[in-house]
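Open the model in your viewer and keep the sequence beside it. The stops below say what to select and what is there.

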Amino acid sequence: MKCILAQPRGFCAGVERAILMVEKSIEKFGKPVYVRHEIVHNRFVVDSLRKIGAIFVEDLSEVPEKAVVIFSAHGVSKDIYKNAKNLHLKVIDATCPIVKSVHRSAIRYANSGCSIILIGHQGHAEIDGTLGQLPAGKMHLISSAKEVEKLPIMKKAAYLTQTTLSTEETADVIAALKQKYPGIQGPKTGNVCYATTNRQSAVRSICKEVDLLLIVGSQNSSNSNRLRELGDEQGVKSILIDSVENLNENMFKGINSVGISSGASAPEYLVLEIIEWLKNHFNLKEIIDEQTVKEMTKFPLPTELG
């Protein structure tokens, strides 16, 4: 069997920064520190931070007064910031800087008199945070080109997107929006972040050479699900797995080459464990790390933690 590893894969700059912010906060303020929502969507990351003193909550009412609370990389609504202030909490904001830029764009478009269309998946933490930058009802949330037909007439419109969508999916929706609203404003290819685009390009590249694609990531990870869907679209059997624990030999019957990638919130050690499993169960003759682009992006820590 041959194994081809997509590169880049795994942690992006926003995820690395968010995890480091939790670790640094525990060092500086002592444990416990509270984290609203999973800091990133990966249970292994969450469990490792829990072991060193992080307590994960879904509601600020679970956080004691004056405690340290960290907002996850997905971002939060303005109401959450207001609630934290009212509860006298020490806030550390680990929102990804790229998500922050989407929030600023939403406010800017609204201030210029635009009706805003947000492309994304309802219920995702990032979408909840973006919707919450403006009063309820000020943004129209859609997830597909078909839903564009149901949107009302708008004199002045602008669009924004979730950062973890597939590039193809986003392009289709943007094209439909431009057809319905010829003067619509918005970023040419949406707000899909560099890391999402790079990981999708790397998966697209290795799909030409593999019989099976394994995507390492949690079921609630949007970008990991998009990678698995992309593999299916390329005609390759694709499976999203949490870890090596999800593997069995029957999955590899008739498979001569397997591709592996991982979502932006999946630790690299999970990939390495899968490679070891393949070595132990099959005659793994070749392991190829196929790099499509080298990522150099780094996001600095806030000065209070730097």
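Which residues have the most contacts inside the largest nonpolar core? Select Val22, Val35, Ile39, Leu49, Ala54, Phe56 and Ile70, which have the most contacts in this core of 28 residues. A nonpolar core is a set of buried Ala, Val, Leu, Ile, Met, Phe, Trp, Tyr and Cys residues joined through side-chain atoms within 4.5 Å, and buried means under 20% relative accessible area (1.4 Å probe, protein chains only). The model is predicted: local features need pLDDT of at least 70 and side-chain atom pairs pLDDT 80 or more, while totals for chains, interfaces and linings use all residues. Residues are numbered from 1 along each chain as its sequence is written, and side-chain values use heavy atoms, without hydrogens and water.

Next, colour the elements that give two or more residues to this core: α1 (13-29), β2 (33-36), α2 (43-51), β3 (54-57), β4 (68-71) and α4. Helices (H or I, at least four residues) and strands (E, at least two) are DSSP runs, numbered from the N terminus. The largest share, six residues, comes from α1.

Apart from this core lies another, of 22 residues, including Leu5, Ile241, Leu278 and Leu284.

Now select the open sheet, where three strands run in the order β7-β6-β8 with parallel pairing; strands pair if DSSP finds at least two bridges between them. β7 (139-142) and β8 (157-161) are at the edges, each with a single partner strand, so one side of each has no neighbour in the sheet. Strand β6 (residues 115-119) is joined to β7 by four bridges in the parallel sense. Finish at isoleucine 117, whose bridge partner in β7 is histidine 140.

Conventions:
Buried < 20%, exposed > 50% of the residue type's maximum accessible area, 1.4 Å probe, protein only.
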